[in-house]
Amino acid sequence: MKTLWKDIKWLFNYMASVFMYSIIVILILIGILILLYFIDIKKRENNPEWVAPLYGAYVIVSGSMEPTIMTRDAIIIKRYEENDIKVDDIITYKSRDPYFYGIMVTHRVIDIIEENGKTLYVTKGDHNNTADRLPVASDQIYGKVMMVIPKIGYIQSFLATSYGWIIAVVIPCLGIIIGDVIKLVKNIKKSTRNAKRKGHDFSEE
């Protein structure tokens, strides 16, 4: 029974540690991105033209890019430089398609065309059978995908719920506090027993 309890305790501690480390990694990434974002804003504050942020992070909510990018994967994008986008790059852009107007889309560039002196990018989701209806202009593009973090969106969604926050933060914290209290009580009892034993030894002398 003691062995089973130790195994359960070890498993719980292991899962809690993995979960907490995942949260710490997410917070560090968010902190870095926010810092870079504000540094970039400071550098661009005198520029009258709109420029996409240097870095951005999004959680994928559709399966259009599977299996390359799965639903609930997080992506880190970097602002592209002029003529930096090539065929086969994956980009994130704001759609102008009437059916998806204003939605952020992450798809692969399958062709680059020139139209009325402008460079346009034909995009397609890896899982889709056809290309997107409208080509993408440069001023729609927020950046190129530079990193994919698998399934991190599930943690984000979980933490966004009240019970998720309680399970992920409150319960582990209570577990740590209760564990420390138990250790403290054991140490006090041990110290008391040692003090009594020493007092008994002195009385015998």
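Predicted model: local features only at pLDDT ≥ 70, side-chain atom pairs only at ≥ 80, totals over all residues.
Let me start with H107, which touches S64, M65, D89, I90, I91, Y93, T123, K124, G125, N128 and D132, leaving aside residues up to four places away in sequence, where contact means heavy atoms within 4.5 Å. Residues are numbered from 1 along each chain as its sequence is written, and side-chain values use heavy atoms, with hydrogens and water left out.

H107 is found in strand β4; strands here are DSSP runs of E with at least two residues, numbered from the N terminus. H107 is buried, with a relative accessible area of 6%, and for this talk buried means under 20% relative accessible area, exposed over 50%, and partly exposed in between, using a 1.4 Å probe and protein chains only. The side chain of H107 also makes a polar contact with the side chain of S64, at 2.9 Å; such a contact is a pair of N or O atoms within 3.5 Å, where within protein one must be able to donate a hydrogen and the other to accept it, and residues adjacent in sequence count only if both atoms are side-chain atoms.

Now to the charged pairs. Side chains of opposite charge can pair when their charged atoms come close. How many salt bridges does a search of the whole structure find? The search finds 6, a salt bridge being a side-chain nitrogen of Lys or Arg within 4 Å of a carboxyl oxygen of Asp or Glu.

One of them joins R108 and D88, with the closest N and O atoms 3.2 Å apart. R108 lies in strand β4 and D88 in the loop between β2 and β3, so this pair ties together parts that are 20 residues apart in sequence. R108 counts as buried at 15% relative accessibility, whereas D88 is partly exposed at 48%.

Because D89 lies in the loop between β2 and β3 and K144 in strand β7, the pair ties together parts 55 residues apart in sequence. D89 is buried at 18%, K144 is buried at 19%, and D84, D89 and K144 are linked in a network of salt bridges.

Finally, R133 forms a salt bridge with D97, with the closest N and O atoms 2.9 Å apart. Here R133 is exposed at 53%, while D97 is buried at 7%.

Definitions and conventions:
Helix = DSSP H or I, 4+ residues; strand = E, 2+ residues; numbered from the N terminus.
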